[in-house]
Protein chains: 2
Amino acid sequence: MYKSEFVKPDGRALTLYGRTPVEVSSPIPAPGEAVEARPQMRWHPLRGEWVMYAAHRLNRTFLPPPEYNPLAPTHDPEHPTELPQGRYDMAVFDNRFPSLTLDAPPPDPVPGVAARPGTGKCEVVVFSQNPNGTLGGLPAEQVRLLLDVWADRTAELGRDPRLQYVLPFENRGVEVGVTLNHPHGQIYAYDHLPPVQQRALTQMRAYHAEHGRPWLEDFVRQEREAGVRVVRDEGQALSVVPPFARFTYELWVLPTRAVSRLSELEDSERDALAAVLKDALMRLDALFGVRMPYLLTVQQAPVDGQAYPEWPLRIEISPYLRAPGRMKYLAGTEQGAGEFVNDALPEQKAAELREVKHD
Amino acid sequence: MYKSEFVKPDGRALTLYGRTPVEVSSPIPAPGEAVEARPQMRWHPLRGEWVMYAAHRLNRTFLPPPEYNPLAPTHDPEHPTELPQGRYDMAVFDNRFPSLTLDAPPPDPVPGVAARPGTGKCEVVVFSQNPNGTLGGLPAEQVRLLLDVWADRTAELGRDPRLQYVLPFENRGVEVGVTLNHPHGQIYAYDHLPPVQQRALTQMRAYHAEHGRPWLEDFVRQEREAGVRVVRDEGQALSVVPPFARFTYELWVLPTRAVSRLSELEDSERDALAAVLKDALMRLDALFGVRMPYLLTVQQAPVDGQAYPEWPLRIEISPYLRAPGRMKYLAGTEQGAGEFVNDALPEQKAAELREVKHD
């Protein structure tokens, strides 16, 4: 992996990644003036969690005309995009409309409310120079490069002592409000451990203390023994519909050796993980013959410098279609009680996914 | 409030409620044969929560043709609906496709997974015989009746020692997958305290222990003193955009006396709460001139027979539009980390809502 770092005219960072040396052949652009972000966080006293306020975001880019794509390389200097021309395979830059920033100022005080700066970092990851592809449709070596890029961003962001947790993710589908079709993802870096990860850490620590080994080890063994929920097994990595899936076609892509971060994986393990990830995404797109809307998250251990032997690294994919044309919506029980309803058993849906043919 | 209880031909319960005595003038119908529900729950070892599996639900009624409305009174015995003809104002019946049932059988064991019966109850609440109205558009006395019906259902379900928590809610809007336009809501009754309520209870107990009084008392006083986030104040009830709102136009409708359940409210308090609720919903519909898609939940204390002086009764309304035509989707940070981004400050949005004119 090769990388080159740049600063955009508006001060934001840009990193270009390549499988071959990076070469840039036009000026580093920015699509407009610097946006002043003053994000803040407020404490929700009943949910017991921080809520982020990013009041400058409401006017962000929304379904722009097809001729303007801010994630493509700039070809017309009159209409600069986020990226230059050149030889590179992937790009990461600071989000122009961030929910969190490293220089967020203290907010105006609100009596009775705990408020603080929205400290953190939001990055955009462009998966390819090709505006029409999909993550699953990229060549295997490009999916592998993305694993390396995620690992690199996690390490880079983790070096900042203000950042405690790094979450790479991809939201895909106009069905879930994604405004840009160009294949891309995002990274949120938080200055604290978010509630979902806090909860997982507590659960996994208890498991590790009780059984003397990481949960992931037992999980992989049980799923291989059961067989019924494994969709693809490449030896060093596999995909599985977890027996406690919340979404109908939920798929977890995970290494079979219990590690807590992508950076701990060997070369051959990353190749296997990339192959299984590509297979999982292509199955989901082939399942109903439509681009499956989904949320993909990379769930790694916190980046506070400590070791987390109990933390199970995995890529969680939550597809939003539960049948052709039928979206899963999070409604009363999911949002009002935190309790999911899944309309199908994981065993049945894993069998369907195994039968899917794709290129 | 008057009520009459019936049993449908397929064994499900039906209760009709009226502001005047209930009279039924046609047989009690059911729209088809009994559906065998075998819901189960499985433990999610990382989220630390139960996931419900209701495999019989995937084929439930979905956007039926407009001429068939299962929530209207039956007029053609060849096409029975859920309700009879007669004089009544509201109806509650067991959901034909429940996610939880009181007689769920033990599930087949799954090695390595904690699974148990999906014990609980799911009810449908029909707000009016009029298929075209909206909850906010109903006469004030009908909204008041709904508060009485919710209180009655909570008490009735709470009498079953297997049930620990009762959540009345309304999902509204085709945007969020609501398949029937006839104004209606649902009630989920769980055999355990769900995660959102468990978390709130922990937080509110800590507050009560620290301050010696319920959080709601301080909250109402602070909001009245600040003034900027209160949308409507009727003395015994008010609506407010909470300072820690997760949704752009989130509105909480609450009594100004700290109580934990609807049943504890006096007549005049229920009238005030109904008036503020109606006002809140009409404001949301008038805001952009379109029916606002939303989730409404009634957050009461557990029904296990204990007193919960620290629990704040409130009706939470989470509207899904953050601007005209712009939905809020729960994406990477909300679902992958449990951390919400709100694009606007509550103070600004409360001011907008106060200025809305409606009938």
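In this predicted model, 80 residues of chain A are in contact with 80 residues of chain B. The size of an interface is often given as the accessible area lost when the parts come together. Between chain A and chain B, about 6900 Å² is buried, and carbon and sulfur atoms give 55% of that area.

The side of chain A that touches chain B divides into 44 nonpolar, 20 polar and 16 charged residues. Helix α2 (residues 195-211) of chain A supplies the largest share of this side, with seven residues.

Polar interactions also cross the interface. The rule finds 36 residue pairs in polar contact between chain A and chain B, counting pairs with both residues at pLDDT 80 or more. Four salt bridges are found across the interface of chain A and chain B. In one salt bridge between the two chains, A:Glu49 is joined to B:Arg246, with 4.0 Å between the closest N and O atoms.

Strand pairing connects the chains as well. Strand β19 (residues 340-342) of chain A pairs with strand β5 (residues 49-53) of chain B in the parallel sense, over three bridges. Within β5(B), B:Met52 stands opposite A:Val341.

Over the whole structure, a search of all chains finds 71 salt bridges. One salt bridge within chain A is formed by the side chains of A:Arg172 and A:Asp285, at 2.5 Å from N to O. This pair links distant parts of the chain, the two residues being 113 residues apart. A:Arg172 belongs to strand β10 (residues 165-172) of chain A, and A:Asp285 to helix α4 (residues 267-287) of chain A.

| Salt bridge | N to O distance |
|---|---|
| A:Glu49 and B:Arg246 | 4.0 Å |
| A:Arg172 and A:Asp285 | 2.5 Å |

An unreviewed UniProt entry annotates residues 202-357 of chain A as "domain: Galactose-1-phosphate uridyl transferase C-terminal". Over residues 202-357, chain A is 38% helix and 21% strand. The C-alpha atoms at the ends of this stretch are 39 Å apart.

Note on methods. Residues numbered from 1 in each chain as written. Chains lettered and ligands numbered in written order. Predicted model: local features only at pLDDT ≥ 70, side-chain atom pairs only at ≥ 80, totals over all residues. Heavy atoms only, no water. Contact = heavy atoms within 4.5 Å. Buried area = accessible area lost by both parts, 1.4 Å probe. Polar contact = N/O pair within 3.5 Å; in protein donor to acceptor, adjacent residues only side chain to side chain. Helix = DSSP H or I, 4+ residues; strand = E, 2+ residues; numbered from the N terminus. Nonpolar A, V, L, I, M, F, W, Y, C, P; charged D, E, K, R; others polar. Pairing = 2+ DSSP bridges. UniProt positions renumbered as here; feature names shortened; annotations may be inferred.
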